[in-house]
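Please read it alongside the sequence and the model.

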Amino acid sequence: MLPLHKGRGRRARDRAALAAAFIAKAVLNLETTRDLIRRLRVDSALRRLCGWHKKALPHESKFSRAFAEFARTELPQRLHQAVIEATQKGRLIGHIARDATAIAVRERFPETPQQLRQRRDLEGKKKPKGKKGRHPRQKASERGTRIQRQRRQQDVSAMLAELSRECGLGVKTSSQGHRQYWRGYKLHLDVADGQIPITAIVTGASVHDSQAAIPLMRLTSQRVTYCYDLMDAAYDADELLAESRRLNHVPIVGSNARRGTRPKTECPKAFPTKAAPTLDWAQQERYKLRTMSERVNARLKDEFGAGQIRVRGHAKVTAHLMFGVLALTVDQWLRMGRRE
């Protein structure tokens with residue numbers, strides 16, 4: 001939490017106190033930074049817990065600058081990773097439930113290629129022509145799908161760089177069969193037994209759940225040791241099942257309705273029809289534990305500020321969500337300690 005100082009000028013201070021204040025904002029489920037400042041002014045105990053004993057509170061602009069710095073340096077992500085390594089590294093975890101939830105924000109869509117061309121035409125500017133390469137571009141069928149390319153990649157950061165981080169339009173089908181749309185982002189979570197979030201990734205709302213599955217698997221495997229991958233029908237893909245087994249895990253995935261719906265081909269040897277995987281009674285009982293990810297998503301939105309976001313941009317939205325994930329992780333770990 002040490003401040004970054006470059007060049008001349010007064011050194012930044014109170015970064016640890018400001019970080020603790022933003023964690024308190026997530027714990028108290030406060031909507032805006034102004035609400036946090038008002039609460040700090042009247043609550044002397046909270047003010048001392050954050051680190052302001054006798055000093056006056058900083059100005060609201062300083063809170064904003066500090067939050068932008070935390071978002072740029074990914075402070076809440078690093079704090080969450082440190083908490084997981086300190087509390088869950090030596091624990092054998094039975095199940096990891098993987099799921100994604102919608103994050104609605106008040107943000108405009110970025111420019112589409114068509115809108116960019118129209119704006120350049122109005123401004124009288126044309127897109128500069130690039131030089132032709134020596135080799136032609138590889139066909140999409142030869143490159144493979146994104147999940148197939150992810151299996152060949154070793155660097156997780158390269159996988160995450162390919163996923164869209166821009167605000168987009170998302171759609172999902174509810175349990176009643178109705179389509180729900182939202183504008184914003186999507187939070188992908190890996191949740192361990194005890195409803196403890198292990199890994200979190202924020203992407204654009206248009207990114208499918210399965211696109212972030214392999215990065216989540218590898219990041220979670222680096223942080224903790226677990227046995228079973230519990231995923232819903234959105235993750236029903238042969239490449240994901242194979243990657244889970246390669247990492248020495250047992251995948252338990254709900255069957256997707258699209259399997260077995262293709263018409264039979266005249267060349268079954270070249271284009272075989274793959275049957276949907278079935279779960280035995282033991283796997284069905286374990287699959288019921290997948291609902292713990294739904295409860296974590298609900299708590300994040302109802303109690304830790306994920307349902308009311310007043311910042312814009314991927315970095316700041318991620319920081320806002322990760323402060324809530326960090327607070328929820330510590331809360332669930334303390335609850336588990338009380339039970340023991």
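A contact here means heavy atoms within 4.5 Å. On that basis, residues 24 or more positions apart account for 67% of the contacts in the chain with a separation of 6 or more. This is a predicted model, in which local features need pLDDT of at least 70 and side-chain atom pairs count only at pLDDT 80 or more, while totals for chains, interfaces and linings use all residues. Residues are numbered from 1 along each chain as its sequence is written, and side-chain values use heavy atoms, with hydrogens and water left out.

**Overall make-up**
- The chain has 14 helices and 6 strands, taken as DSSP runs numbered from the N terminus (helices: H or I, at least four residues; strands: E, at least two).
- Of its 340 residues, 41% are buried (under 20% relative accessible area; exposed is over 50%, partly exposed in between; 1.4 Å probe, protein chains only).

**Surface**
- Phe109, Leu169, Val171 and Tyr181 make a nonpolar surface patch of about 410 Å².
- Such a patch joins nonpolar side chains (Val, Leu, Ile, Met, Phe, Trp, Tyr) within 5 Å, from residues with over 30% relative accessible area and no salt bridge (a side-chain nitrogen of Lys or Arg within 4 Å of a carboxyl oxygen of Asp or Glu).
- Val171 lies in strand S2, residues 168-173, and is partly exposed at 43% relative accessibility.

**Cysteines**
- The count of disulfides (pairs of cysteine sulfur atoms within 2.5 Å) is 0.
- Cys50 is buried, at 7% relative accessible area.
- Cys227 is partly exposed, at 30% relative accessibility.

Terms used:
Patch = residues over 30% accessible without salt bridge, like charges linked within 9 Å, V, L, I, M, F, W, Y side chains within 5 Å. Areas by Shrake-Rupley, 256 points an atom, 1.4 Å probe, with all protein chains shown as cover.
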